[in-house]
Amino acid sequence: MAKKPGNGRCVHCLREGVERNWDHVFPKSWYPDTTTADMEKWQIPSCIACNARYGKLERDLIGRLGLALDANNPASAGLAERALRAINPDVAKSEGDATARDARAKKILREMYKGE
Ligand SMILES: [Zn+2]
């Protein structure tokens with residue numbers, strides 16, 4: 001299913017005749033390292049804007065959930081490590097990347113529920 005779905009209706013916003021690409025129902029980054037290569041990863045036709053918008057939300061969500069997952073459980077293998085890397089400026093590829101990782105970490109800390 002590598003080829004783009006072409007123009008048509010977006011499954012998210014229902015606009016007709018829009019340029020679309022394939023949106024993974026479960027983002028590729030959400031699959032643990034133990035996922036077999038032959039496992040089918042469902043994809044749906046989405047307009048570019050919706051795919052980008054939901055992709056941002058999905059990355060933010062897995063970044064938070066990944067920090068709460070058991071790194072030693074095969075069902076979530078690799079997800080905690082990826083979440084930690086995403087907020088670690090020491091593994092950044094550039095100064096801008098380091099700044100983004102640091103900002104992501106601070107945002108998560110700022111928005112955490114800390115009790116009353
Ligand atoms: Zn859309």
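## Model and terms

A residue is termed buried under 20% relative accessible area, exposed over 50% and partly exposed in between, using a 1.4 Å probe and protein chains only. By this definition Asp-33 is exposed, with 56% relative accessibility.

The model is predicted, so that local features need pLDDT of at least 70 and side-chain atom pairs count only at pLDDT 80 or more, whereas totals for chains, interfaces and linings use all residues. Residues are numbered from 1 along each chain as its sequence is written, and side-chain values use heavy atoms, with hydrogens and water left out.

## Helix α1

Helices (H or I, at least four residues) and strands (E, at least two) are DSSP runs numbered from the N terminus. Helix α1 covers residues 48-66, a run of 19 residues. From the first C-alpha to the last α1 reaches 26 Å, close to the 27 Å expected at 1.5 Å a residue; the expected span is 1.5 Å times one less than the number of residues.

The buried residues of α1 are Cys-50, Asn-51, Gly-55, Glu-58, Ile-62, Gly-63 and Gly-66.

## Salt bridges

A salt bridge is a side-chain nitrogen of Lys or Arg within 4 Å of a carboxyl oxygen of Asp or Glu. The whole structure contains 8 salt bridges. In one of them, Arg-82 pairs with Asp-33, with 2.8 Å between the closest N and O atoms. This pair links distant parts of the chain, 49 residues apart: Arg-82 belongs to helix α2, and Asp-33 to the loop between β1 and β2. Arg-82 is partly exposed at 30% relative accessible area.

Helices α1 and α3 are joined by Arg-64 and Glu-111, which lie 47 residues apart in the chain and form a salt bridge with closest N and O atoms 2.4 Å apart. Arg-64 is partly exposed at 24% relative accessibility, as is Glu-111 at 42%. Salt bridges with shared partners join Asp-60, Arg-64, Lys-107 and Glu-111 into one network.

A further salt bridge, between Glu-19 and Lys-4, has an N to O distance of 3.7 Å. Both residues lie in the segment before β1, 15 residues apart. Glu-19 is partly exposed at 46% relative accessibility, while Lys-4 is exposed at 52%.

Asp-23 is located in strand β1. This residue is buried yet has no salt bridge, and the nearest side chain of opposite charge, that of Arg-59, is 9.0 Å away. Leaving aside residues up to four places away in sequence, Asp-23 touches His-12, Trp-42, Gln-43, Ile-44, Ser-46 and Asn-51.

## Charges over rings

A charge sits over a ring if NZ of Lys or CZ of Arg is within 6 Å of the ring centre and within 35 degrees of the ring normal. Lys-41 lies over the face of Tyr-31, 5.2 Å from the ring centre. Likewise, the charged end of Arg-53 is placed over the ring of Tyr-54, at 5.4 Å from its centre.

## The loop between α2 and α3

Ile-87 occupies the loop between α2 and α3. The C-alpha atoms of Ile-87 and Arg-104 are 5.9 Å apart, although 17 residues separate the two in sequence.

Key
Lys and Arg count as positive and Asp and Glu as negative; His and the chain ends are not counted. Contact means heavy atoms within 4.5 Å.
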